[in-house]
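Please look at the sequence and the structure shown below, and keep them beside you as you read the report that follows.

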Number of protein chains: 2
Amino acid sequence: MSLDQVLAHIDADQDAALDRLMELLRIQSISTDSAYAQHCDAAADWLIADLNSLGFDASKRETPGHPMVVAHAQGTGTHALFYGHYDVQPIDPIELWDNPPFEPAVETTPNGKVIRGRGSSDDKGQLMTFLEACRAWKTVTGSLPTKVSILFEGEEESGSPSLIPFMEANKDELKSDITLICDTGMVTPTTPSIVTMLRGLVGQQVTITGPSKDLHSGMFGGLARNPIRVLNAALAALHDDTGAVTLNGFYDGVPELPEQVAKQWENLDWSADSFLGDVNLSVPAGEQGRSGLEQIWSRPTCDVNGIWGGYTGEGSKTVIPSQAHAKISFRLVGTQDPQKIREAFQQHIRDHLPADCTAEFVDYGAGPASSMEIDHPAFEAARGALSDEWETEGVYVGCGGSIPIAGHFQNIIGTQSMLIGFGQDDDQIHSPNEKYDLTSFHKGIRSWARILDALAD
Amino acid sequence: MSLDQVLAHIDADQDAALDRLMELLRIQSISTDSAYAQHCDAAADWLIADLNSLGFDASKRETPGHPMVVAHAQGTGTHALFYGHYDVQPIDPIELWDNPPFEPAVETTPNGKVIRGRGSSDDKGQLMTFLEACRAWKTVTGSLPTKVSILFEGEEESGSPSLIPFMEANKDELKSDITLICDTGMVTPTTPSIVTMLRGLVGQQVTITGPSKDLHSGMFGGLARNPIRVLNAALAALHDDTGAVTLNGFYDGVPELPEQVAKQWENLDWSADSFLGDVNLSVPAGEQGRSGLEQIWSRPTCDVNGIWGGYTGEGSKTVIPSQAHAKISFRLVGTQDPQKIREAFQQHIRDHLPADCTAEFVDYGAGPASSMEIDHPAFEAARGALSDEWETEGVYVGCGGSIPIAGHFQNIIGTQSMLIGFGQDDDQIHSPNEKYDLTSFHKGIRSWARILDALAD
């Protein structure tokens, strides 16, 4: 059977696969800093050459920023489009790296061997798992088991400014049956995970103005309205005693968790105690009666991300400030409408405003939640393949953060995305000493080899 | 009758009195900036020379900072100690001055003539009202109608570091029957005012720590405790719906207003509407059922003077911060105990703390309220004299801010202070274009002449 031969080849080819990844990691493709533009270009060229060597028809597509790489391979069966990004985060603070970030090395740690270096996990190591799986199939059988296209982006770490225009302009070329995205992690170190729920986000800044200038609290204190107090009261009233958000209509469109998914989550070797314990917390702070995973994956939230007003320097100053400010964000799920929630928040603030205060708002990004339609047969096929590889039942999980790419594929291309990644919580992506477990890399390659096989069926 | 002659002399001597004030105003006695130390010294010397010319026995007393001026005149009757300060505030921002701050000039404004220049109101113009009154008595009658001593300080605008040690070391010399302080204003432009209540102050900083580091609100939002929200809730709970402070025992020692004073305040030509209207407010924000003047003078308060936490830069950042901070201050009245209120506040914060958060406190200054014992006959004598001069009933008023000097005289010397000043709300003390109304200066001199006469009776 071909799959077994392919997996055996992957095992035999481990060292060479690692060498190839090291080569890619040495390219300093920091997208946000224009001084590294030619390195980004070099990473795109490196990938194109590698893809062409695998029999893909790969090309560099210029954008106003860093280039896209698009590649197509011949094939039959389910047409899968794989997405990854070749750019990496900046390396500051450089002094906190134990080794130079672009001189990757394999290190032995108490938890096993890791590949250390910028981009090892996010996202070069992850995208190479897919390329190596393709290479193994190609080497062993001369072709891929299913039809594959590829899109690599070079601006993911700098806000993806070219992505939507590029997707819209190349809609037809990017059309496929399913999207594969390898930029996420595993819910536990040994549980393969397919992210199917991504929370949306609405951001808002509010400024409350009371007196026309800063006042002396001796002369005015007691009689004059303090906008910090107004803001405190309004923000404190955003949640009730059970941890629920009080905004009018906030829970419209928030679905209950499907029973199948709820059961998977219950069985996970995951505990809120240890998740919180890692950051020195112990008390779940969200809605009462919801599990920890629900609180971070499938329930909407409201958080104050920043607050400021009055005197914030050293010592004391008896001022009643003219203004107080806060930045608030909401994580959305299901079909919650970002615009309605923005309006409900603004109304909440106005409802808490004394007659002599005013509120001004600055709108930040608004995006709805994405939820994948897991009844597409590719989902169960991939979950089965992952379960086989990891010998642990694969699970559909949520992701508290927002990964806009999956929503773009839904909205622009019309495809569902399977977000399958092999990162671990301790990979330190975006931070010094980023690493990727050698196990993630090796079993990641084997996982994709199995998924490609399963998609062909 | 001598008083009439003295008042007539004051009227005739107006221009010369103004010239003398102008001379003192030209001395650049900024106490907080050591570059001006010799100017402070020069101001002390100028006053000593003037006092000696009036028959005082005046001397310069060195301190670790700027010198004190102490002077005594022979006399009988009530022994009054007059306090003022010869130092002035810095002049920044200099570009906002219409004329050089140390080149004083008389200007005609829609509200009458004013003396423009740094220190014109705070406090050189005010202290000279007393000296000119003494000069007039001396010139007309050859002596003062009552026994007078004088203490001039040169560090009032820089925290009075030498004052308490100096008062303690010279307790006996400074002993008198009553203290006169001319460093306050009139409650309305035509209502002579004796400040008899000074609010105290307790300051406190609080830092609430939740997670051990800043968290990503996508990954943790919902489950992880946000210290900004904890702080908001705790601060919002400091007041109830009626505007009262909820701290345990907060109102212990808060007296009701004496009926006589309450009646005076009711009859004042003062309105909260116009006081608040000047700073674009309209709704009294303090305790329900208390008048505007009670709210700023005789009721205790709690204000948040500063708050900060999380991301406060441009744009949005989806962070759950590790810490949130606030600076809180309480204005105290009656016999409220600053230490007890500090403890009650800390307990309030702890009571609102989830089990996995901690609170740290920084203590700022604590001083109780001062309330003068107005049954000393000097008070009614002075109030009568002021009423005669201004042809408007003099009133006992409160002062929302803290003027520590009156408390020091009570605690160290054992005397009550009469805070009588002729400043107006629009004098712009501590700001560019400081001024003192010529009427304040002239009628201030006449007021002291009358008060000296009244104290002799």
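In chain A, strand S3 (residues 79–85) and S6(A) pair in the parallel sense over seven bridges, where strands are DSSP runs of E with at least two residues, numbered from the N terminus, and two strands pair if DSSP finds at least two bridges between them. In S6(A), Tyr83(A) has Leu151(A) as its bridge partner. This is a predicted model, in which local features need pLDDT of at least 70 and side-chain atom pairs count only at pLDDT 80 or more, while totals for chains, interfaces and linings use all residues. Residues are numbered from 1 along each chain as its sequence is written, and chains are lettered from A and ligands numbered from 1 in the order in which they are written.

Strand S2 (residues 68–72) of chain A also pairs with S6(A), here in the antiparallel sense over four bridges, and Ala71(A) stands opposite Ile150(A) in S6(A). Strand S6 (residues 147–153) of chain A is mostly covered, with six of its seven residues buried; a residue is buried if 20 or more other C-beta atoms, placed from the backbone, lie within 10 Å of its own.

An open sheet of eight strands has the order S14(A)-S9(A)-S13(A)-S11(A)-S11(B)-S13(B)-S9(B)-S14(B), with antiparallel pairing. Strand S14 (358–367) of chain A and strand S14 (358–367) of chain B stand at the edges with a single partner strand each, so one side of each is left without a neighbour in the sheet. Two pairings from this sheet are set out below.

| Strands | Sense | Bridges | Example of facing residues |
|---|---|---|---|
| S9 (residues 200–209) and S13 (residues 323–332), chain A | antiparallel | ten bridges | Gly203(A) and Ser329(A) |

Which strand gives the largest share of the side of chain B that touches chain A? The contact takes 67 residues from chain B and 67 residues from chain A, where two residues are in contact if their C-beta atoms, placed from the backbone, lie within 7 Å. On the side of chain B, the largest share, nine residues, comes from strand S11 (residues 301–310) of chain B.

The largest nonpolar core has 251 residues, of which Ala382(A), Ala449(A), Ala382(B) and Ala449(B) touch the most other members; such a core is a set of buried Ala, Val, Leu, Ile, Met, Phe, Trp, Tyr and Cys residues joined through C-beta atoms within 7 Å. Leaving aside residues up to four places away in sequence, Ala382(A) touches Ile194(A), Met418(A), Ile420(A), Ile451(A) and Ala454(A).

Technical notes
A residue is buried if 20 or more other C-beta atoms lie within 10 Å of its own, exposed if 12 or fewer, and partly exposed in between; C-beta atoms are placed from the backbone.
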